[in-house]
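Here is a short report on one protein model. Look over the sequence and the fold, then read on.

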Amino acid sequence: MTNFKNVGQWWNDKEIELVEIDGKVYALSGWNGEKYLDSWEVDKDDNTEIVTEGLAITPQYEEIEDEFEIVGYTVE
């Protein structure tokens, strides 16, 4: 499991969610129903600069009280 929290949206596209995963901020983009295929790492200081592009980020789910919730992410 990863340590994560939602930290906002990408500055020029409010549809792209920013998530801090294990101390690094990532923009979640390119959802294909299983993973985000066009994600990138964001500069944590101002959340507007791209650090690393072309990442695939997969949410990890766990059933909690008959509902599936995201409990972490895998970054590739």
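## Around Thr48

Thr48 touches Trp10, Trp11, Val42 and Asp43, leaving aside neighbours within four places in sequence. Contact here means heavy atoms within 4.5 Å. Thr48 sits in the loop between strand 4 and strand 5. Strands are DSSP runs of E with at least two residues, numbered from the N terminus. Thr48 and Gln9 are 39 residues apart in sequence, but 9.9 Å apart in space, C-alpha to C-alpha.

Thr48 counts as partly exposed because its relative accessible area is 27%. The cut-offs are these: buried is under 20% relative accessible area, exposed is over 50%, and partly exposed lies in between (1.4 Å probe, protein chains only). Accessible areas come from the Shrake-Rupley method with a 1.4 Å probe, and for residues only the protein chains shown count as cover.

## How to read the model

The model is predicted: local features need pLDDT of at least 70, side-chain atom pairs count only at pLDDT 80 or more, and totals for chains, interfaces and linings use all residues. Residues are numbered from 1 along each chain as its sequence is written, and side-chain values use heavy atoms, with hydrogens and water left out.

## Salt bridges

How many salt bridges does the structure hold? There are two. A salt bridge is a side-chain nitrogen of Lys or Arg within 4 Å of a carboxyl oxygen of Asp or Glu. Side chains of opposite charge can pair when their charged atoms come close.

Lys44 lies in the loop between strand 4 and strand 5, and Glu20 lies in strand 2 (residues 13–21), so the pair ties together parts 24 residues apart in sequence. Lys44 is partly exposed, at 44% relative accessibility. Glu20 is buried, at 16%.

Glu76 and Lys35 also form a salt bridge, at 3.7 Å from N to O. This pair links distant parts of the chain, 41 residues apart: Glu76 is in the segment after strand 6, and Lys35 is in the loop between strand 3 and strand 4.

## The loop between strands 3 and 4

This loop runs between strand 3 (24–28) and strand 4 (36–42), and Lys35 is found there. Is Lys35 buried or exposed? Lys35 counts as buried because its relative accessibility is 17%. Beyond residues up to four places away in sequence, Lys35 touches Gly30, Ala56, Ile57, Thr58, Pro59 and Glu76.

Ser29 has its place in this loop too. Ser29 is buried, with a relative accessible area of 14%. Its contacts, leaving aside neighbours within four places in sequence, are Ile16, Tyr36, Leu37, Asp38, Ser39 and Trp40.

## Surface patches

Which residues gather in a patch of negative charge on the surface? They are Glu62, Glu63, Glu65, Asp66, Glu67 and Glu69. Strand 5 (50–64) and strand 6 (67–75) each give two or more residues to the negative patch. Asp66 is in the loop between strand 5 and strand 6. Asp66 counts as exposed because its relative accessibility is 71%.

Trp31, Tyr61, Phe68 and Ile70 make a nonpolar surface patch of about 440 Å². Ile70 belongs to strand 6. Ile70 is partly exposed, at 32% relative accessibility.

Patches are made of residues with over 30% relative accessible area and no salt bridge; like charges are joined within 9 Å, and nonpolar side chains (Val, Leu, Ile, Met, Phe, Trp, Tyr) within 5 Å. Asp and Glu count as negative, Lys and Arg as positive, while His and the chain ends are not counted. The place of a charge is NZ of Lys, CZ of Arg, CG of Asp or CD of Glu.

Definitions and conventions. Helix = DSSP H or I, 4+ residues; strand = E, 2+ residues; numbered from the N terminus.
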